[in-house]
Amino acid sequence: MMSADNTITAIATAPGRGGIGIVRLSGPGARKIGETICGRSLQPRYAHYCRFLHNGKPLDTGVALFFPGPASFTGEDVVELQAHGGPVILDLLTRETVRLGARPARPGEFSERAFLNDKIDLAQAEAIADLIDSATREAALSASRSLQGEFSRKIETLVAAITDLRVYLEAAIDFPEEEVDFISEGDVAGRLSHIVEQLDRVLAEAEQGRLLREGMKLVIAGKPNAGKSSLLNALSGQDRAIVTAIEGTTRDILHEQIEIDGMPLHIVDTAGLRNSADEIEQEGMRRARAEIRSADRILLVVDDSIGESTTDSDLLWDDTEQARQAQTIPITIIRNKCDLSGKKPGLSDDSEIPTLYLSAKHSEGLESLREHLKQCMGYICSGEGNFSARRRHLEALLAAREHLLTGQDQLLSAGAGELLAEDLRQTQTALGEITGTISSDELLGKIFSSFCIGK
């Protein structure tokens, strides 16, 4: 795919005042415009200290760099003018580039041209935006790994394995007269099972990458007076929620954002769940269950001085289809008030569901909870492992997995190699949407429009 034949321009540094500001040009006219502004020729990859001209008159002094295509970020001729970082200077410099024939770039158009010229794939392009928007160290490191192609290589490995299996199957379909059981001879079932396992690993890593990028939404839920608001206050380190001995103090939703070792966490405190005829309390519980259904993890708080009952977890869900679908959301049981029950603070090994004893009031066991949440989010102290991922990547991976499982079912139940071949084709299509080997103009427009102008 080739990029547009016009030249674009934009300020590439953040708005506001600074020591240095950069105006970037890309396209066939970039070098000529740059040389006109600098009043001299520009050599490839050489830092030229020169005077910048505006309408033929000196405007500023700075450094000009010229990167000839295709060996540039966009794959086109690129010029960067590094001037003093005053907004007026940069605006006048940009206006001069427009007067000389460039046009203002759309948001993300430099990265879009890099994608269209095969300098980066779509996952890497999105990683650029994720790297710029990173709010934490771990998110920046995972975005950097995606930018270096970590995510893309995993997708390419999957696609290669699927392609090999497709080629084998379709060759077998083309020669039905051969008296050979191609399905058994080629270990199609085994190869397909291995591909499913590979995809599941990538899907799990992508989910962790999404949590690193977006942060984990953690919903605190449970019966009234179990200590939910005390837990919110303890985790956030401030008195965000009112805490009293009166049941039902929290009627609305409270949101708090914190970091645990650089990892973003969105905590939601909800109204107590119980059977009640009070209209206001019922509305609070309706809002609480709406938050629960959209959680990445639920902290089910139980008063350990009273003990857990079967209704504690049952109260999380109402009788709706959305609630039934949401019951796959992972839960950690927080047995609060262990100072009253006499239990030792920390993570229990005696339950299938993660269970942690703590005292929110006295901040006992909080460090164990933080370590548990770090593990849930995929924290890796070495800075190696996860790559950044977005919800659309997860949707594409889930669609690919569904096609694989459908094909696997057809193969095992009916030995239908023809139907499996079609499911493999659809799997490739879904995976191709991640890297952009298969993409629509609408998708590209949506992705790149979210970028900074100048990037």
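Which strands does helix H10 lie across, and at what angle to S7 does it run?

1. Helix H10 (residues 279-293) lies across S7, S8, strand S9 (263-269) and S10, and runs at about 140° to S7. Axes are lines fitted to C-alpha atoms, for helices over the stretch in contact (heavy atoms within 4.5 Å), with angles from 0 to 180 degrees between N-to-C directions. Helices (H or I, at least four residues) and strands (E, at least two) are DSSP runs numbered from the N terminus.

2. The model is predicted: local features need pLDDT of at least 70, side-chain atom pairs count only at pLDDT 80 or more, and totals for chains, interfaces and linings use all residues. Residues are numbered from 1 along each chain as its sequence is written, and side-chain values use heavy atoms, leaving out hydrogens and water.

3. An open sheet of seven strands has the order S8-S9-S7-S10-S11-S13-S12, with mixed pairing (two strands pair if DSSP finds at least two bridges between them). Strands S8 (254-260) and S12 (346-348) are at the edges, each with a single partner strand, so one side of each lacks a neighbour in the sheet. On average, neighbouring strands of this sheet are turned by 25° against each other, direction ignored.

4. Within this order, S7 (residues 216-222) and S10 (residues 297-303) pair in the parallel sense over five bridges. Val219 stands opposite Ile298 in S10.

5. Strands S3 (residues 48-54) and S4 (residues 57-67) run antiparallel and are joined by seven bridges; Arg51 stands opposite Thr61 in S4. The two strands form a hairpin with two residues between them, and Asn55 in the turn has a positive phi of about 55°.
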